[in-house]
Amino acid sequence: MADLNQTHRPATAPSSSSAVFLRKLQDNLHATNSTQLAGILTLLVTGSIFLLLTGLTVSGTVFALIFFSPLIIVSSPIWVPAGTFFFLLAAGFLSICGFGVIAVAGSSWSYRYFKGLHPAGSDRVDYARNRIYETASHVKDCAIEYGGYLQSKVKDAAPGA
């Protein structure tokens with residue numbers, strides 16, 4: 001009996017994913033229940049409320065600009081220098097705070113490094129220090145060899161010197 005209530009569809013394989021989507025959409029449209037209906041109604045009500053609020057906000061902004069434009073234009077010789085001053089004041093304050101944070105972080109890292117606590121990146125500093133030391137020793141050895149070479153050349157050029 002359960003077979004009699006179901007509709008029989010031909011067993012054809014859909015050719016694309018859009019056909020599968022449309023088939024599922026068609027099946028769901030015929031079987032809407034009360035929760036789906038409540039969800040759709042909620043979506044429509046909230047969407048219309050948000051659309052109304054957006055329209056009121058845009059309209060209020062336009063009316064405020066129309067009403068306050070003369071006041072803004074008349075008082076702009078005061079607002080532009082004051083705004084520039086406060087912008088530069090805020091930028092300077094934030095810069096000083098940023099440099100302070102960098103100084104505290106750098107000194108904290110240096111303190112931990114010299115205390116032997118191995119902060120993050122200390123291995124790279126050690127590697128760079130070793131490379132600098134090796135390069136300096138190599139340059140020193142080359143200078144000693146080259147300096148001895150020059151001393152012998154000077155004696156050849158001036159035997160009495």
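The questions below move through loops, contacts, a surface patch and charged side chains.

Tutor: Gladly! Keep in mind that this is a predicted model.

Student: Is His118 buried or exposed, and what is its phi near?

Tutor: Exposed means over 50% relative accessible area. His118 has 62% relative accessibility, so it counts as exposed. As for the backbone, His118 is a residue other than glycine with a positive phi, near 50°.

Student: Which residues does Arg112 touch, leaving out those up to four places away in sequence?

Tutor: Arg112 belongs to helix 4, and its 35% relative accessibility makes it count as partly exposed. With residues up to four places away in sequence set aside, the residues it touches are Leu117, His118 and Pro119.

Student: What distance separates the C-alpha atoms of Arg112 and Ser122?

Tutor: Good one to check in the viewer. Arg112 and Ser122 are 10 residues apart along the chain. Their C-alpha atoms are separated by 9.6 Å.

Student: How much accessible area do the residues of the nonpolar surface patch have together?

Tutor: Among the members of this patch is Leu52, which lies in helix 3, residues 34-74. Leu52 counts as exposed because its relative accessibility is 54%. Val45, Ile49, Phe50, Leu53 and Leu56 belong to the patch as well, and with Leu52 they have an accessible area of about 610 Å².

Student: Which side chains meet in a salt bridge?

Tutor: Side chains of opposite charge can pair when their charged atoms come close. The structure holds one salt bridge, with an N to O distance of 3.3 Å, and a salt bridge needs the nitrogen within 4 Å of a carboxyl oxygen.

Student: What relative accessibility does Asp126 have?

Tutor: Let's take both partners. Arg129 is partly exposed because its relative accessible area is 46%. Asp126 also counts as partly exposed, with a relative accessibility of 22%.

Student: With which side chain does the side chain of Ser75 make a polar contact?

Tutor: Ser75 is in the loop between helix 3 and helix 4. Its relative accessibility is 16%, so Ser75 counts as buried. At 2.9 Å, the polar contact of its side chain is with the side chain of Trp79.

How values were computed: Residues are numbered from 1 along each chain as its sequence is written. This is a predicted model: local features need pLDDT of at least 70, side-chain atom pairs count only at pLDDT 80 or more; totals for chains, interfaces and linings use all residues. Side-chain values use heavy atoms; hydrogens and water are left out. Buried means under 20% relative accessible area, exposed over 50%, partly exposed in between (1.4 Å probe, protein chains only). Helices (H or I, at least four residues) and strands (E, at least two) are DSSP runs, numbered from the N terminus. Contact means heavy atoms within 4.5 Å. Patches are made of residues with over 30% relative accessible area and no salt bridge: like charges are joined within 9 Å, nonpolar side chains (Val, Leu, Ile, Met, Phe, Trp, Tyr) within 5 Å. Accessible areas come from the Shrake-Rupley method with a 1.4 Å probe; for residues, only the protein chains shown count as cover. A polar contact is a pair of N or O atoms within 3.5 Å; within protein, one must be able to donate a hydrogen and the other to accept it, and residues adjacent in sequence count only if both atoms are side-chain atoms.
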